[in-house]
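I am opening a notebook on this model, and I want to write down what I looked up, entry by entry. The sequence and the structure come first, and my notes follow.

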Amino acid sequence: MGDMNFSLTTFNKTGKLLQIEYALNRVQQGKMSLGIKATNGVVLVTDKKVSTTLVDDKELVKMQNITPSTGFVYSGMGPDFRVLTRNARKAAQKYYLTYREVQPVAEVVRESALVMQEYTQSGGVRPFGVSCLAAGYDDAGPQLFQIDPSGAAFGWKATAIGKNYINAKNFLERRYNEDMELDDAVHIALLTMRESFEGEMTEFNIEVGIVTADKVFRVLSPAEVRDYLDEAN
């Protein structure tokens with residue numbers, strides 16, 4: 001206990017907020033998620049393997065729509081993700097009622113990042129034990145963002161979060177091409193996930209979501225995922 005720091009709102013002598021670092025450690029223990037931005041869309045892939053066959057994996061959903069054109073996926077604590085999803089949807093609905101248009105992707109990300117940042121400097125709370133990837137398509141084109149427990153939000157061409165994320169990023173750096181289209185991005189995402197996947201990767205223990213120029217984010221059905229896996233093989 002001597003090396004633990006439970007203060008949330010106070011910097012230590014090296015300028016760090018250690019509770020945020022502990023939250024990032026929790027994220028790195030979670031199942032891996034990754035995203036790739038292509039010229040005509042964005043793909044998200046996540047590991048949703050369960051620890052026992054007694055769990056009904058059809059009820060486990062890690063990807064959620066925030067607006068019709070924006071979807072989130074997480075690594076870390078599922079209950080924390082539900083809170084963020086609820087807040088993001090409320091903010092998106094408020095935006096729509098005010099402006100009568102779908103909230104832009106960057107605005108969706110900014111709202112969620114603000115909530116996460118507030119939890120780093122408020123009393124009686126703790127940082128969110130979750131990082132999120134946001135994929136969306138609006139008038140600015142396809143976009144991919146990462147939101148961390150600190151409230152930092154960055155745009156990415158391709159990135160990974162969760163367990164083994166460093167190896168996944170190294171793999172993506174070697175394979176990523178700015179001119180790739182969405183089908184190629186899906187294949188590379190699946191290859192990246194397979195590199196560190198424990199056991200056999202099937203259409204039932206991963207989840208794949210895409211958003212294209214039609215500005216609709218959707219999660220692929222198991223049959224569609226199976227087709228992509230067969231092509232990747």
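**Entry 1: charged pairs**

I began with charge and found that the side chains of Asp139 and Lys215 meet in a salt bridge at 2.7 Å, N to O, the term standing for a side-chain nitrogen of Lys or Arg within 4 Å of a carboxyl oxygen of Asp or Glu. Asp139 lies in the loop between β5 and β6 (141–147), and Lys215 in the loop between β9 and β10 (217–219), so this pair ties together parts that are 76 residues apart in sequence. The element names come from DSSP runs numbered from the N terminus, helices being H or I with at least four residues and strands E with at least two. Asp139 counts as exposed at 75% relative accessibility, and Lys215 is partly exposed with a relative accessible area of 33%. For these words I use under 20% relative accessible area for buried, over 50% for exposed and partly exposed in between, with a 1.4 Å probe and protein chains only.

Before going on I note that this is a predicted model, in which local features need pLDDT of at least 70 and side-chain atom pairs count only at pLDDT 80 or more, while totals for chains, interfaces and linings use all residues. Residues are numbered from 1 along each chain as its sequence is written, and side-chain values use heavy atoms, with hydrogens and water left out.

How many salt bridges does a search of the whole structure find? It finds ten, and I looked up two others among them. The side chains of Arg126 and Asp80 meet at 2.8 Å, N to O. This pair links distant parts of the chain, 46 residues apart, with Arg126 in the loop between α3 (105–118) and β5 and Asp80 in helix α2. Arg126 is partly exposed, at a relative accessible area of 42%, whereas Asp80 counts as buried at 7% relative accessibility.

The side chains of Arg226 and Glu203 also meet in a salt bridge, at 2.9 Å, N to O. Arg226 lies in helix α6 and Glu203 in the loop between α5 and β9, so the pair ties together parts that are 23 residues apart in sequence. Arg226 counts as partly exposed at 25% relative accessibility, and Glu203 counts as buried at 15%. Salt bridges that share partners join Glu203, Arg226 and Asp230 into one network.

**Entry 2: nonpolar cores**

I then looked up the nonpolar cores, each a set of buried Ala, Val, Leu, Ile, Met, Phe, Trp, Tyr and Cys residues joined through side-chain atoms within 4.5 Å. The largest has 27 residues, and those with the most contacts inside it are Ile36, Val43, Val45, Leu190, Met193, Ile206 and Val208. Two or more residues each come from β1, β2 (41–47), β8, α4, α5, β9 (206–212) and α6 (222–232), and the largest share, seven residues, comes from α5. A second, separate core of 19 residues includes Tyr74, Ala88, Phe128 and Phe145.

**Entry 3: helices and what covers them**

Which residues of helix α4 (residues 165–175) are buried? They are Ala168, Phe171 and Leu172. These cover an arc of only 100° around the axis, which puts them on the same side of α4; the arc is that of the directions from the helix axis to the C-beta atoms. On the other side of α4, Ile166, Asn167, Glu173 and Arg174 are exposed. Among what covers the buried residues of α4 are β1 (33–38), β8 (158–161) and α5 (182–196).

In α3 the buried residues are Val105, Val108, Val109, Ser112, Ala113, Val115 and Met116. They fall within an arc of 155° seen down the axis, so they line one face of the helix. What covers them includes β3 (63–67), β4, α2, β5, β6 and β7 (153–155).

Last, I looked up Thr85, whose place is in helix α2 (residues 78–99). Thr85 counts as buried at 3% relative accessibility, and Thr85 touches Gln64 and Ile66, not counting residues up to four places away in sequence.

Terms used:
Contact means heavy atoms within 4.5 Å.
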